[in-house]
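The following report describes a structure for a reader who is new to the subject. Please keep the sequence and the structure in view while reading.

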Amino acid sequence: MNQFDLTTILPITILTVWACVLLLVDLFIPKTRKGITALLSALGLAATLGFTLSQIGMEDSGFNGMVALDGFSTFVNALLLVSGLLGVALAYGYVKRMGIERGEYYTLLLFSVVGMMLMAQATDLIVVFLALELLSIPLYVLAAFSRPKTDSEEAGLKYFLLGAFSSGFLVYGIALIFGATQSTNIFAIVESASTSTSNLLLTIGAALLLIGFGFKVAAVPFHMWTPDVYQGAPTAVTAFMSSGAKIAGFAALLRVFATAFPAIATDMTDVLWVLSAATMIVGNVVAIAQTDIKRLLAYSSIAHAGYILMVFVPYGNENVVATSVAAGLFYLVSYAFTNFGAWGVVIALEKKEGKGLALNDYAGLSKRHPALAAAMAVFMLSLIGLPPTIGLIGKIYLFRAVIDAGFVWLAIIGVLTSLVSAFYYLRVIVVMYMKDGEPTAEREPWLDMTTAVTALVTVIVSFVPQFLFAWASDAVLKLF
Amino acid sequence: MNLSLTLLTFSPLIGILVLLFMSGNNRNTMRWTALITSLVTFGVSILVFTMFNASNPDLQLVEKYNWITVAGWNIQYHLGVDGLSILLILLTTFLTPISILSTWTAVEERVKEYMIFFLLLEIGMNGVFLAQDLFLFYIFWEFTLVPMYFIIGIWGGPRRIYAAIKFFLYTMAGSILMLLAILWLGVNGGTFSLPELIAQGGIPSNIQWWLFLAFAAAFAIKVPMWPLHSWLPDAHVEAPTAGSVILAGVLLKLGTYGFVRFNLPLFPEAAVRAAPWIALLATIGIIYGAAVSYAQADIKKLVAYSSVSHLGFVMLGLFALNPEGIAGAILQMINHGISTGALFLLVGMIYEQTHTREFKVYGGLWKITPVFGTIFLIVALSSMGLPGLNGFVGEFTILLGAWGAGQNGVFYWGNVWFAAISALGVIMAAVYILYMFQKMFLGPQGEIVDEVKKHGHAIRDLNWREIVTVVPLLIFIFWIGLYPAPFFDIMAPAVDKLVAMMPLP
């Protein structure tokens with residue numbers, strides 16, 4: 001280990017140390033003033049974000065090729081840290097209101113972000129696994145954070161059991177890949193795979209890896225846990241989980257598949273095609289039947305995993321892989337902001353004991369809280385993919401990459417499922433704007449700010465997406 | 001730097017910003033703000049018209065700036081106007097203040113949001129007619145959906161939610177297929193700029209055919225062409241009056257305009273190949289729309305189905321692919337916007353008093369409301385194509401074009417039958433329009449007159465505001481009917497240029 005090794009993981013180190021210190025500091029913060037912990041954790045995230053941004057343009061690899069610092073990791077880390085900040089802002093008032101304000105909440109969130117960031121930087125499958133556990137275990141605890149509420153405990157346990165199960169697949173996959181290539185380092189895997197003649201073992205290993213990640217990003221048919229966990233977990237946790245874990249999972253998938261497995265692309269492309277199409281179809285179709293906003297957004301989150309999966313399909317095609325990965329990165333940004341905003345509105349309307357989560361509780365929102373309803377309408381339009389929102393730009397970018405690669409039918413499935421999704425997202429707007437009711441909403445400053453910021457980003461970036469486009473496509477330049 | 005088209009497109013934004021910061025219940029201030037904004041926009045469009053050179057067939061007042069030109073994208077902020085779109089722009093900016101004026105007393109709830117959505121809609125419509133970059137066009141195109149959805153869904157009739165969602169999903173179903181075609185063009189052509197793509201040409205004919213169909217899906221639903229029209233009666237019946245006016249007046253034209261602007265020049269071979277098929281659907285639409293109109297018991301539904309019939313004429317004219325047909329079709333777009341817009345306005349005015357649109361309760365209104373009756377008669381006659389009024393000019397030119405296309409083989413298997421059968425549509429229009437007029441205004445006094453009296457006030461004739469609302473439309477009904485030459489002159493060079501691109505048999 002030398003000093004250069006440390007610079008590669010500088011932001012991760014800072015955040016880890018900060019989280020450990022916070023764990024101790026929290027002991028001395030009185031129970032009634034846990035807001036200080038939230039503030040401190042936000043400071044830590046913001047400082048780390050600053051360091052991450054200062055690393056833009058740096059290219060390095062550390063710990064004998066175990067982790068990499070490159071444009072890709074910087075982009076993803078920045079997004080993860082922003083997600084962390086939004087997660088803290090959403091949680092601040094929510095945990096207080098729900099009577100679950102405990103300092104560990106924020107520490108666990110920080111540790112989870114550390115795991116996610118490590119995931120984006122990992123270039124060795126062992127590190128990928130470590131990072132996955134580091135991001136997941138705090139999330140299991142957070143999902144059960146509303147104890148002794150049974151729903152929340154059930155969510156935590158379910159998430160834990162299925163998460164552990166999927167980790168099994170992942171480890172087994174890594175073992176098989178090691179068997180096939182004598183290495184767990186993705187660069188070594190590439191070399192070994194390109195020279196060997198039979199790739200059967202490698203293919204099976206990669207498939208198992210895909211299953212493991214499939215659980216994390218909630219791709220069909222590994223999505224069964226998602227609605228229950230998203231519904232049972234405290235809403236602020238769900239918001240963070242649905243964005244953060246997805247970003248990290250996709251980041252690892254993008255790096256591992258795009259760099260390590262081009263040799264078996266012909267086998268995997270069909271699998272990924274089916275996975276993506278199935279996820280889009282099931283997620284969107286099942287969402288139609290939901291009447292609980294948390295479950296609706298959970299299925300919506302599954303559906304969006306399907307859209308992002310589209311970018312993997314052409315990963316073996318050298319000409320388009322860079323564009324499609326960049327499209328995936330941009331879509332993750334657009335999804336993260338939209339998704340956080342939508343969950344923010346859900347949090348504003350949620351009452352104790354799980355009240356205020358039915359779709360009908362949103363009736364008349366546009367009259368009582370016009371700004372909140374307008375924000376939610378923006379998020380829904382963005383999730384459908386309509387102007388003037390970032391969601392449309394993201395989807396167009398994705399579809400272009402897929403068409404560029406020649407998978408026109410996948411693009412057609414993509415747009416048709418978007419049409420299906422319009423039906424249930426519009427229903428939210430219908431209830432808010434066209435039905436009468438007397439909803440009440442909490443107006444906490446941090447929550448309002450989060451909703452406002454995400455809504456503004458959702459709209460404004462759609463007019464000037466070129467900066468993010470440029471950043472995303474620069475980020476993937478050195479990846480291949 | 002010429003920013004006149006940007007100014008034209010986005011000038012409603014000023015009103016929106018003002019409205020956003022208005023609070024409380026001063027509904028009249030809000031109405032005036034919206035009205036003045038839309039009048040200013042109309043003024044800007046007149047200004048644009050004075051700068052427009054009608055003898056030039058090309059795009060004018062072009063604004064072209066790089067928008068997204070990174071990461072392999074080549075998207076420009078590219079606006080321009082030519083003879084095909086200038087009249088439609090004027091129609092849009094002309095109808096918007098009229099519709100706002102028509103809702104003065106009809107909309108009492110949530111006036112602020114209503115006006116904001118209306119002005120947003122105007123931005124979207126202007127943008128669609130001016131955008132010369134496919135990407136930009138798509139954004140404006142999809143954007144028009146959102147405010148209209150809210151206008152129907154919030155301020156509409158009893159089944160408004162159903163109608164709004166149906167409208168939204170139908171339109172979106174078509175446009176997402178167009179999106180894929182746009183992306184295909186952008187990826188393979190390296191640009192989204194319409195003039196550049198047209199100049200490049202050279203799309204293999206089998207692919208051209210699929211792209212043509214994808215674009216046509218979006219536009220045909222919007223027109224709407226038979227058999228994709230079923231959203232229209234619902235949307236029209238449930239929409240508030242101003243919504244119906246804009247829907248019939250402008251939004252349907254987005255579809256027919258799309259065919260002229262995109263399908264014909266981008267995919268000329270496919271357009272020629274599709275011509276008889278589109279003409280067949282158009283002819284069916286003309287006859288079907290007219291027949292179904294006659295069977296309606298609801299005034300708004302009758303007018304809605306008559307739109308299906310009238311827009312069939314427009315489609316028939318467009319795909320005649322000769323100057324008469326296309327020029328007639330563009331003029332007929334304007335005519336339909338004026339006449340049907342006026343019909344919806346008038347229906348809205350009587351509905352505001354009676355709260356019913358059923359024919360059977362009306363009757364003998366002529367005696368009570370002579371001014372209303374006279375105006376209604378003029379508009380009805382214009383809609384059925386009486387010589388001397390605007391409808392006749394458009395339909396006659398279209399039939400001329402369709403007859404020519406039948407003779408010179410553009411409708412290669414249809415021959416002149418399309419023109420001959422479509423001409424029946426004009427007669428059928430006379431039947432259902434006069435039937436409506438007779439049921440409402442002639443005969444014994446209908447029960448609605450007493451019904452309204454029971455509530456303490458009699459049915460009154462039009463007031464000054466309502467007259468001001470319709471008179472501008474009447475002027476154009478006569479102007480186009482008696483002296484259409486200036487209108488044809490404006491579009492002739494651009495139409496000739498378009499026709500010259502067609503590889504006709």
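## A residue in a loop

In which loop of chain B is the place of B:Leu321? B:Leu321 has its place in the loop between α13 (299-318) and α14 (323-354) of chain B. The model is a predicted one, and the values in this report are computed from it.

The backbone at B:Leu321 deserves attention. Its phi is near 55°, which is a positive value in a residue other than glycine. Is B:Leu321 buried or exposed? B:Leu321 counts as buried because 27 other C-beta atoms lie within 10 Å, and the cut-off for a buried residue is 20 or more.

## The overall form of chain B

Chain B contains 21 helices and two strands. Its C-alpha trace spans about 70 × 55 × 40 Å along the principal axes. A compact globule of 505 residues would have a radius of gyration near 23 Å, and the 22 Å of chain B therefore agrees with that form.

Of the 505 residues of chain B, 61% count as buried. Among contacts in chain B with a separation of 6 or more, 81% are between residues 24 or more positions apart.

## Two domains in chain B

Chain B is divided into domain 1, which covers residues 1-266, and domain 2, which covers residues 273-505. The C-alpha centres of these two domains of chain B lie 22 Å apart. Their contact takes 42 residues from domain 1 of chain B and 46 residues from domain 2 of chain B.

Which elements give two or more residues to the side of domain 1 of chain B that touches domain 2 of chain B? They are α4 (86-102), α9 (205-222), α10 (231-238) and α11 (241-266) of chain B. With 13 residues, α11(B) gives the most to this side of domain 1 of chain B. By class, the residues on this side of domain 1 of chain B are 29 nonpolar, 11 polar and two charged.

## Where chain A meets chain B

The two chains also touch each other: 28 residues of chain A are in contact with 28 residues of chain B. On the side of chain A that touches chain B, the elements giving two or more residues are α14 (321-349), α17 (390-404), α18 (408-434) and α20 (466-475) of chain A. The most comes from α18(A), which gives 11 residues to this side of chain A.

How many nonpolar, polar and charged residues has the side of chain A that touches chain B? This side of chain A has 22 nonpolar, four polar and two charged residues.

## The largest nonpolar core

In soluble globular proteins, nonpolar side chains tend to be buried together. In this model, the largest nonpolar core has 404 residues, and those that touch the most other members are A:Met119, A:Ala143, A:Met376, A:Val402, B:Leu180 and B:Leu346. The element that gives the most to this core is α14(A), with 20 residues. The core also draws at least three residues from each of domain 1 (1-266) and domain 2 (273-505) of chain B.

Leaving aside residues up to four places away in sequence, A:Met119 touches A:Val128, A:Ala131, A:Leu132, A:Leu135, A:Ala248, A:Ala251 and A:Ala252.

Helix α9 of chain A comprises residues 200-217. From its first C-alpha to its last, this helix of 18 residues reaches 25 Å, close to the 26 Å expected at 1.5 Å a residue. α9(A) is mostly covered, since 14 of its 18 residues are buried.

A:Ala218 follows α9(A) and has its place in the loop between α9 and α10 of chain A. Although A:Ala218 is not a glycine, its phi is positive, at about 60°. A:Ala218 is buried because 29 other C-beta atoms lie within 10 Å, where 20 or more are required. A:Pro221 also has its place in the loop between α9 and α10 (225-232) of chain A, and a cis peptide bond with omega of about 5° joins A:Val220 and A:Pro221.

## A further cis peptide bond

A cis peptide bond also joins A:Pro387 and A:Pro388, with omega of about -5°. Where is A:Pro388 found? A:Pro388 is found in the loop between α16 (370-384) and α17 of chain A.

Key:
Residues numbered from 1 in each chain as written. Chains lettered and ligands numbered in written order. Predicted model: local features only at pLDDT ≥ 70, side-chain atom pairs only at ≥ 80, totals over all residues. Helix = DSSP H or I, 4+ residues; strand = E, 2+ residues; numbered from the N terminus. Rg over C-alpha atoms; globule rule 2.2 N^0.38 Å. Buried ≥ 20, exposed ≤ 12 C-beta atoms within 10 Å, placed from the backbone. Contact = placed C-beta atoms within 7 Å. Nonpolar A, V, L, I, M, F, W, Y, C, P; charged D, E, K, R; others polar. Domains from an automatic or database assignment. Expected span 1.5 Å × (residues − 1). Core = buried A, V, L, I, M, F, W, Y, C linked by C-beta atoms within 7 Å.
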